[in-house]
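Please read these notes with the structure open beside them. Each point takes up one part of it.

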Amino acid sequence: MQLKMTEKDDAVILAVEDERMDAHNSGNLKEKMLQLFDEGKYQLVIDLSAVRFIDSSGLGALVSGFKNASARDGSLRLCCLQPQVRSMFELTRLHRVFEIFASLDEALESQS
Amino acid sequence: MSKRVELNIKVPNQTSYLAMVGQIGESLAFSLKNYRGNRRELAYHLNLCLTEALTNAIYHGNASDPDKYVHITISASDDDLIIKVYDQGQGFDLDTRHKLKANPCDEGGRGVNIILKLMDDVRCLQEKGVNVLEMKKRLH
């Protein structure tokens, strides 16, 4: 999985650059988030603007990151979901679990 | 009345084939001439159900053995669409797996539930000693 990482203040922004998140590549995101937690970076924003397709494995990787961030008093926020991706969060009711923002700026502002 | 479309796919037991098989489902949705529903949504759902079923066969049915294969058949008419996914292993109990998803924060256990929500009829069968996950969708 292609991931672009940038930092702004305390937040780490991970932009997924693949258009598909499935069982073939979602493990990479999970590993990257665990690496960031090990480095003491607990405020994550995942930018999904490039993602057109997500399956249960992709959702599972995000849930893993959310649980690990929460356990460390951090946060994992999502932004820029395409409509079909958003529909997957609604289908699985995960839109009630995650903080989901329309734009990256809104996700970053919500932290402060 | 269009003729029934029959697709027969056999792929190695590897997740690198998920995108290709999912894309076949999307292409099929756009080729159904008489379908009156939301075609983009159907395409996404077929991609998703094929991806989930193939992932399940790779990891659970075939126990991640890269030397095994997954066989998929897709049969589509104006009226319905039937997808069968055959693995070379243990198969799984659909009812048991369905009940596993109790907590929305569980990391796994969503794949079969997604299939059950999006397809009209889902069954686990045995055909000549082979495990089959059969998914049916009405198209009107």
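1. Is Ser57(A) buried or exposed? Ser57(A) is buried, because 25 other C-beta atoms lie within 10 Å. A residue is called buried if 20 or more other C-beta atoms lie within 10 Å of its own, exposed if 12 or fewer, and partly exposed in between, with C-beta atoms placed from the backbone.

2. A word on the source: this is a predicted model, in which local features need pLDDT of at least 70 and side-chain atom pairs count only at pLDDT 80 or more, while totals for chains, interfaces and linings use all residues. Residues are numbered from 1 along each chain as its sequence is written, and chains are lettered from A and ligands numbered from 1 in the order in which they are written.

3. Ser57(A) belongs to helix H2 of chain A, residues 56-71. Helices (H or I, at least four residues) and strands (E, at least two) are DSSP runs, numbered from the N terminus. Apart from neighbours within four places in sequence, Ser57(A) is in contact with Asp22(A), Ala23(A), Ser26(A) and Thr55(B). Contact here requires C-beta atoms, placed from the backbone, to lie within 7 Å.

4. Chain A has an open sheet of five strands in the order E1-E2-E4-E6-E7, with mixed pairing. Strands E1 (3-8) and E7 (99-101) of chain A are at the edges with a single partner strand each, so one side of each has no neighbour in the sheet. Two strands pair if DSSP finds at least two bridges between them. E4 (residues 43-47) and E6 (residues 75-79) of chain A pair in the parallel sense over five bridges, and Gln43(A) stands opposite Ser75(A) in E6(A).

5. H2(A) packs on this sheet, where it touches E4 and E6 of chain A, and its direction makes about 145 degrees with that of E6(A). Such angles run from 0 to 180 degrees between N-to-C directions, and the axes are lines fitted to C-alpha atoms, for helices over the stretch in contact.

6. Between the chains, the contact takes 19 residues from chain A and 18 residues from chain B. On the side of chain B that touches chain A, H2(B) gives the most, with six residues.

7. Which residues of H4(B) are buried? They are Gly111(B), Val112(B), Ile114(B) and Ile115(B). These residues lie on the same side of H4(B), because they cover an arc of only 160 degrees around the axis. The arc is that of the directions from the helix axis to the C-beta atoms.

Note on methods. Two residues are in contact if their C-beta atoms, placed from the backbone, lie within 7 Å.
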